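Open the structure in your viewer and show the side chains.

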Amino acid sequence: MTASNPSAPYFDKVANQWDDLRTGYFAEAVREAAIRKAYLHPDMVVADVGAGTGFVTEGLAPLVRHVHVLDRSPQMLEVARKNLAKFGNLEFHVADGLALSLPDYSLDAAFANMYLHHCPDPLAAIREMVRTLRPGGRLVITDLDKHTHEWLRTEMADVWLGFDRDQIRAWFEQAGLVNVIVDGTGQSCQSDCKSGAGEHADALAPHASADVSIFVATGTRRIRVHDTVQASYTAQALGGSCGCGDASCCSPGTVSLEDIVSVSWNANYSSADKAEIPAEAAEISLGCGNPIAMAGLRAGETVLDIGSGGGIDVFLAARRVGPTGFVYGIDMTPAMLQRARRAAKKNGFTNVKFQHGYAEALPVEAETVDVIISNCVINLTEDKGRVFREAYRVLKPGGRLEVNDTVFGGPVLPETCTSATGWSECVSGALPEQEYVDLVKQAGFVDVIVRRSTSSGTAADVPIYSVQVSAKK
């Protein structure tokens, strides 16, 4: 917050009473909701921005290596120092919210609780927090949903009357964040005029009170790997050894993850499945499961395969939907498309089309597809949330999503997620399972079912495994 921020005098004044006031406004469950969404690792360095008297920091300090505690108000930070004296991994900063005293790319996560609605320029505040994040680092904001309690501007120094969740999502994306999730915490902020008005309490209307729901918003700083992933799969299509399941694949300037990754890849295609498809497709199977097995494809359906590669799942789907159905294979790699098209022509498949496109912007009209399948590809995309929104867009009402993909069974450091080699191996681009499922639900899907699939192992001592995710529009 800037020095001219109208909230500044209020917090300087109430610093010594803030802890008592806060307990009447919102509970520890708000802090717990924020921490759950951050997927914290013990070696992480994080920040609590607009930390006040240390409410969020108290929950973070036992879970990470180091916490930067930042607030504009020296009075609030003085109380925070006393409240948090038992922790030895804290660093306190008196800092303007638009000029945080932290270097670029220095944090694994940044938190801001009930801070944004006191910022005159929320987008600028978000961008400043994003500046401090490493690629793969998360921003976690808990704040008020939009409301109409005008009296909070004067009595509680609120600059904004909460926020529309779509606006928060848009600001996160404008600031360069991906995998954006804005959801409810199941908690609310409860206040009345007299609780925060101090010496003016007796003059206030007795009916002035508020009960406002609280959201939690998360987003990840983009890791730019598109070109590396595409080069890896071009090499695979041309007979190289890069791709999912090959830990020897190294792009120029990267370090192999062989010493920290051990995964057993198994796409689980039966001999009967392989007998139905061209040999050229079977030779280049790069999946981590078999999405067709649970898709329940029916004759006459239209199917779309995101990241169709050499075409194995497209050809299997084409057999299931028959001559009255149709299957689109969408891939970003021209060499893969050429290989799949040759196989289709050679083997007489007339109900398939292999088309150039990107998972984040599918070249298909809205509500034209019955079933979307994908096999160990969405983990390769930089913004998985956008991929699931695109899938939702092109599906017909009642359409089905059936994807196999890799996920982590726990939190990982951003360094693990920034390895170009690891992305090409379907490892570094994986998300924690719950975050993956949350993104599916954020896109609008319902009846989401997650089953463990057939590939598993560890990466940087964290379980990694394949899942089959089924959902409906």
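Is Tyr 436 buried or exposed? Select Tyr 436 and look around it. Tyr 436 is buried, because its relative accessibility is 1%, and buried means under 20%. Keep in mind that this model is predicted.

Turn the view until you see both rings. The ring centres of Phe 388 and Tyr 436 are 5.3 Å apart. Their planes stand at 80 degrees, so this pair is edge-to-face; the cut-off for that label is over 60 degrees. Next, trace the chain. Phe 388 belongs to helix α16 (residues 384-394), and Tyr 436 to helix α19 (residues 433-442).

Move on to Phe 26 and Phe 55. Here the ring centres lie 5.4 Å apart, with the planes at 70 degrees, so this pair is edge-to-face. Phe 26 sits in the loop between α2 (18-25) and α3 (28-36). Phe 55 is in helix α4 (residues 55-60), 29 residues away from Phe 26. Phe 26 is buried, at 6% relative accessible area. Phe 55 is buried as well, at 11%.

Stay on Phe 55 and select Arg 31. The charged end of Arg 31 sits over the ring of Phe 55, 4.8 Å from its centre. For another such site, pick Arg 452 and Tyr 465. Arg 452 lies over the face of Tyr 465, 3.6 Å from the ring centre.

Last stop: select Tyr 10, Phe 11, Trp 18 and Tyr 25. Ring pairs link these four into a cluster. The model has 12 aromatic pairs by the rule used here.

Terms used
Residues numbered from 1 in each chain as written. Heavy atoms only, no water. Phe/Tyr/Trp six-rings, centres within 6.5 Å; stacked < 30°, edge-to-face > 60°. Helix = DSSP H or I, 4+ residues; strand = E, 2+ residues; numbered from the N terminus. Buried < 20%, exposed > 50% of the residue type's maximum accessible area, 1.4 Å probe, protein only. Lys NZ or Arg CZ within 6 Å of the ring centre and 35° of its normal.
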